[in-house]
Amino acid sequence: MSTLTVDNTFEDPTRRAPLVLNHDDFTSVTEEICYVNESPRPPRAWYVSIAISSILASLFGLLILYLILTGVGVWGNMNPVMWGFPIVNFVFWVGIGHAGTLISAILFLFRQKWRTAINRFAEAMTIFAVVCAGTFPGIHVGRVWLAYWLFPIPNQMEMWPQFRSPLLWDVFAVGTYFTVSLLFWYVGMVPDLATLRDRANTKIKAIAYGLFALGWRGSMRHWHRYERAYLLLAALATPLVLSVHSVVSFDFAVSQLPGWHTTIFPPYFVAGAIFGGFAMVVTLAVPARELWGLKNFITMRHLENMNKIILLTGSLVGYAYMMEFFIAWYSGALYEMFAFVNRATGQYAWAYWLMAFCNVAAPQLFWFKRLRTSIPAMFFVAMCVNVGMWFERFVIVITSLSQDFLGSSWGYYTPSWVDIGMLVGSFGLFLTLFLLFIRYLPVIAMAEVKAVMPQADPHGHDGHAEGGEA
Amino acid sequence: MPPLNDGNTSGRAYWRSLDHLADTPEFRAFMHREFPAGASELLDSTDRRHFLKIMGASMALAGLGLTGCRRWPKEEIVPYAGRPEGRDPGIPVSYATCMELGGVACGLLATANDGRPTKIEGNDRHPVGRGAADSFAQAGVLDLYDPDRSRSVRREGKRADWPTFADWAQGHFGQERERRGHGMAVLAEASSSPSLLAMRRRFLEIYPNASWHEYEPLNNDNEVAGAELAFGSPHRAQIDPARAKVIVSLDADFLGAHRNAVRNIRDFAAGRRADDATKTMNRLYAFESEFTLTGANADHRHPVRSGDIAVIAAWLAGRIVDEQAWRPFEEDPAAGAVLTGELRATLEHALTDLQAHRGECLIVTGAGQPAEVHLLAHLMNEALGNVGRTIAFTPQPEQAKHSESIRALADRLADGKIGTLVILGGNPAYNAPADLDFPALPGKAGVTIHLGDYYDETATRCTWHVNRAHYLETWGDGRAWDGTCSLGQPIIEPLFGGKSALELLAVLVGDDTTDGQAIVRRTFFDLIGGEDEARWRRALHDGVLANSAWRTVTPAADRSGLAAAAEALHEASSARSIRTSGGRGWEVVFRPHPTLYDGRFANNGWLQEVPDPMTKLTWDTAVLLSPAAAGELGIERGDVLKITLGERSLEAAAMIQPGLPERCAVLPLGGGRGFEGRICTGAGFDFYRLRTSEAMSFAGGATITKTGGRYELVTTQDHHTIDVETIAGRSIQQRLPSQFREADLEEYRHHPNFAKHRTHVTHRLSLFEENLPHQAGEGDYAWGMSIDLNACVGCGACIVACQAENNIPIVGKDQVKRGREMHWLRVDRYFQFAPRNDRYDPNRVTAVALQPVPCMHCENAPCEQVCPVAATVHDADGLNVMVYNRCIGTRYCSNNCPYKVRRFNYFDYHRRGPARTQPGKLLQVETDYFRKKPATPDELKQLQFNPEVTVRMRGVMEKCTYCIQRIAQARIDAKNAYANLPQAEKEKRKDRRIAIPDGAITPACAQTCPAQAIVFGDLEDADSRVARARKHERSYEMLEELNVKARTTYMAKLRNPAAPGSGESQGDGARDESPARGDAGHSGGDAPH
């Protein structure tokens, strides 16, 4: 394989920037991507990180057990802050889960070809983030053993859930989102699973990959059906990208709490979610491409594109922050005005300004191309955004609840050690799942990457001999 | 035979005969299925193997599954043959009884459910309480089931039993009798019980050489001494705030700590109802050191050190009675310094007011004030013509002076002159004056016998301890403040076989009657002069002996002591004055604890957890200091201070409380118990250790230093409500005018419906059609509540009543710290501060807002819309009900509740117990719900539970239900009454709803409210009190701008400051100089925004 690298971040209107570097045939692409799964042992960093993250994931499990046995009092939740870290974490993880489907579906529909290098693991990230997100509302209820009452299951009480409650909408929105994302991810993976099946060198691998490859043989009919299905799922998933976080935002917007009761929430939450999701993709992509040598596929141009989206959505979020203040002032409502002034100057002002710095100030660095294409700079900004987006939810949930209408009922929320343990533990779960994914599933959509290489273009060079290979 | 109509299925089927019909295939099949088939199976012979298989399997199943391995609990079924008359199992019964506290009895009704007392209420036939009761009475039932109660007689710490003690006592007291009680002493609690008095006389007859001592840490010694100075003999003041137009309180907490507060509150509230055409109400001036409920309800309140009250009294007396009173102070610049600025101006107003309302004003003096101040007040009341009108007196010939009494006992004990000491209740080892060193004294007597509820500080130092029966377990009697005699009857057999003081004394005097009932009967018949069984039964039923109040007298006060008294006061006050110690000394004021009383209720979870009405502090006592004092010492809430008074010193945590005088520290008694109870351990600090017999109520010249230590103090209300430096604190000041609406009386006269205009509600139009099926006017009933803020004094009895009625758990200090207290009803307390530039001055409290907040039962309830499982819904009567079984605990409802009245059971607080700190953290796993048989909470505690109310488990939201169990009961009663009507009557009412008469339902909070501030009823009934209250011009809905359509509404508060509205005529500073003004915190009557 050539060690030559090409800078593909140039902006030359006469020339299309290559999306895959240093590859001139499809075989080498397959070899290089499959190596991640097929190498006899993964890099040492993989072992170290999965050891740490699985310990944290087990901690998460143990804490959940402790919580269920003891009661939700083990958290810091209190009156008036009845929702604490669990809901902050829920909204945070749901938000992370946005980038994957956005990249897969919306960018697919808009024919953004650069998506192909990152869509697979962005989707995986989505699934795992939603798994983490889904855990929290489930365990955060007071009587976990009755959480299934949230679902419209026929029962002897002849009770439906209460359809006016945004929490119920959440159940449907997140449930649908998870299902469609999972399907989308899986369907997209079928040709690549078949590749792994075909290359399997052990029986177990052959059976496992074979089972999930659904008998894919790469016939024209398969391809035809596959692309149809993929397009349809993309069309289905697209509105979900917008709807799921809008619905999550309804948890707040539909209530009447000052600081929650805000019509800007749906678009603001969606922008924030994309913002946070892309930051997480960058956070994961930077070390992943480094460790597994995927720089030829996840190129600097990919990262730069994502950074541009981070800049855009970060600015949108900043606009929303300002607009909230403007509307609060413009409303003239005592409680509204207080809620926002208090956010910026009250007992949680530190959280607010941390959020504002991380989400609004830090991404502005991306106006500069040098920083946009600098690995340390983008990693710094992405980490800022990860922290900032968590604190955004903290600010929304905690500051609004802690000081609402009646001054007598105000309180100061302090998380307990279980809260912090669960936040860390949920990262453990997320990373464990992600590391397992990298090791055992095709981390880049090989079939799609090949399709965006110049060789795939029948009007270009004649190098599409392996075009039919899956 | 084939049927003829075969193939003709499209038309009608005709049969020739029934036989023909019977031959159709359908019928044959039917017949076959119905009878012959089953029968034919029966006829089949079962083969032997099949039979054995079935039988074997049945045997195995029967043996394995059910009977073999299970041991059913052995139960005995006893026929309820001797059913008492009128007793239906499951129907609660109320009995009249009485509870004595500090020598004053209050008449109560105890409700028993199948023999378990579960709830205490005021006795509505008692002329003092008239159905109301205070927190102590409400919480009394919990003491009965306190697992820490002493459960047996003990001899030198070892378990013994009552017969052993009785045997021993017979021998021991037989010898004592021969010595005629020489070297014997009794130390009793104050008691008004006629039986105990009779027993005491008997005791002293048998043991004439014995001495009888009486001690209460909170006593009326100074009052008695003051009355002696004025009238020559002990008298008790009977005040009538209802008839007073102007009341001046000299450090007197007659609405709080006073033992007749229940009545005083009602009378005071009655004098403030300005609803008639004249729109007049009383005016209260309060000069006080601690911030009491009385001060909180005053129209003018001035923080004055307790020691300086004498100056005020002398100044007033000098103008009202005789110049002599003021003369000693005249030349004293220190005294002059007290009467400056705002205080001087207010005092002038008060004087004018008093003189303008001769015969209808009242000066009340605090129990802690020296006798001379009481004398001055008596003289002033007399000079103003109040005696016999707003104040009268009842002679107290047997009234002891407690400090002197216990000092005499201590001296004799120290000299080793006491052979036998009997302590009848009380806990002197804890609460006797510190200079007596009482804990060491019982050991100096030959033998000591202690009767008490707990094996406490005193009991452990005594030879014998006899466990006392709770008042609900024993017979007794007592007199109210005005002398009204009540009988106390047991509701339950003593749980631990305890004895009452009467029963113990009966043994000591060798009485032939040792049964409590017999003793009380005997006294009763002595009292009414004859064995009138009917009157006994009547009195027992009513709980009160009609017309047994003492006759009031109007003794002439002796003015001759005036000059001497003034001289004495001046001397004492300048000796005590903090100014004499170079301006560095502090005054310390010992005050009764508003919920722990003198510390005897320290192990009562309800009273520990119900917040102090003014500080909102729970589970602790602390040094109360003003913000200015805190600034001077450089301390914050929770800093540990060292207080030195004379040679005694103590470390205790500081609590910041606005509205205290400068250089004055208030020390509430009742904390820091040495007794290791599961509630009281570690709660608060023991300020008795600083309290000496010379200074029982306040002392000057203390020094206070900061130690640098920290102690966690926990309040139920966040500190923002007193913190005006932050935006949050200022915001509270801004929103108060719309949340807690109030006006001066003058404004009310001009704008009777001011309350409707305090906030600007633009419109209540909705974009959508509001589909509220249970809006008022559509259901059968529409329950609603109205809370009159003008009547409410904020005593908090309603909180405890609610807790008792609704099985509300206590959560413990650690959980209160996390804001998880469970009270369904709270009383919000806000201070209004004087504006200073564009800010507020935390050192100048202009008024206090006290606002009870239960669930508002919104018609358009925000909580209901967000519950995903429909666990909170509206019922047919428009109540916002909580379905505990349906709740999964998302807690969304609480987030969306603008009043924050919902409470969540984070742990299973009933089972968990109120651990002060969370012990063991990780290990404290509670698996109760996952075991087959859940562990029960403490069985004793279970006995208290109200069976009409679900005991909620963990993970479930709960809140005020308007006492739905009481509503249900009233509805059932009404329906039964309807069902029993004659048919003709029923026909007539067929189309109408079944009427529940107004007043048939009283929620627990309304029931106990001494001020009768809470009114509950049916809004459908236009004549109901609540419907009328709602239509009242002062009625308003809190947060009405949210359009939740609350069913609980408030009636705005009125304040009646002097020189209302016309500040100009009083000189330029008049408005500022009346700091108790209601609306000084906001401008005029306009909305705040």
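## Salt bridge between the chains

In this predicted model, Lys900(B) and Asp404(A) form a salt bridge through their side chains, with an N to O distance of 2.9 Å. The count of salt bridges between chain A and chain B is one.

Polar contacts also cross this interface: 34 residue pairs, both members at pLDDT 80 or more, are found between chain A and chain B.

## Extent of the interface

On the chain A side, 63 residues are in contact with chain B, and 67 residues of chain B are in contact with chain A. The two chains bury about 5,500 Å² between them, with 57% of that area on carbon and sulfur atoms. Met82(A), Arg143(A) and Leu406(A) supply 13% of the area that chain A buries against chain B, more than any other three residues.

## The chain A side

Four helices of chain A give two or more residues each to the side that touches chain B: helix 2 (44–70), helix 6 (166–199), helix 8 (220–253) and helix 11 (334–345). Helix 11 of chain A gives the most, with six residues. By class, this side of chain A has 37 nonpolar, 22 polar and four charged residues.

## Helix 3 of chain A

Helix 3 of chain A covers residues 85–96. At 1.5 Å a residue, its twelve residues should span 16 Å, and this agrees with the 16 Å between its end C-alpha atoms.

Twelve of the twelve residues of helix 3 are buried, so the helix is largely enclosed by the rest of the structure. Among these buried residues are Phe85(A), Phe90(A), Phe92(A) and Trp93(A), as well as Asn89(A) and Gly95(A).

Technical notes:
Residues numbered from 1 in each chain as written. Chains lettered and ligands numbered in written order. Predicted model: local features only at pLDDT ≥ 70, side-chain atom pairs only at ≥ 80, totals over all residues. Heavy atoms only, no water. Contact = heavy atoms within 4.5 Å. Buried area = accessible area lost by both parts, 1.4 Å probe. Salt bridge = Lys/Arg side-chain N within 4 Å of Asp/Glu carboxyl O. Polar contact = N/O pair within 3.5 Å; in protein donor to acceptor, adjacent residues only side chain to side chain. Nonpolar A, V, L, I, M, F, W, Y, C, P; charged D, E, K, R; others polar. Expected span 1.5 Å × (residues − 1). Buried < 20%, exposed > 50% of the residue type's maximum accessible area, 1.4 Å probe, protein only.
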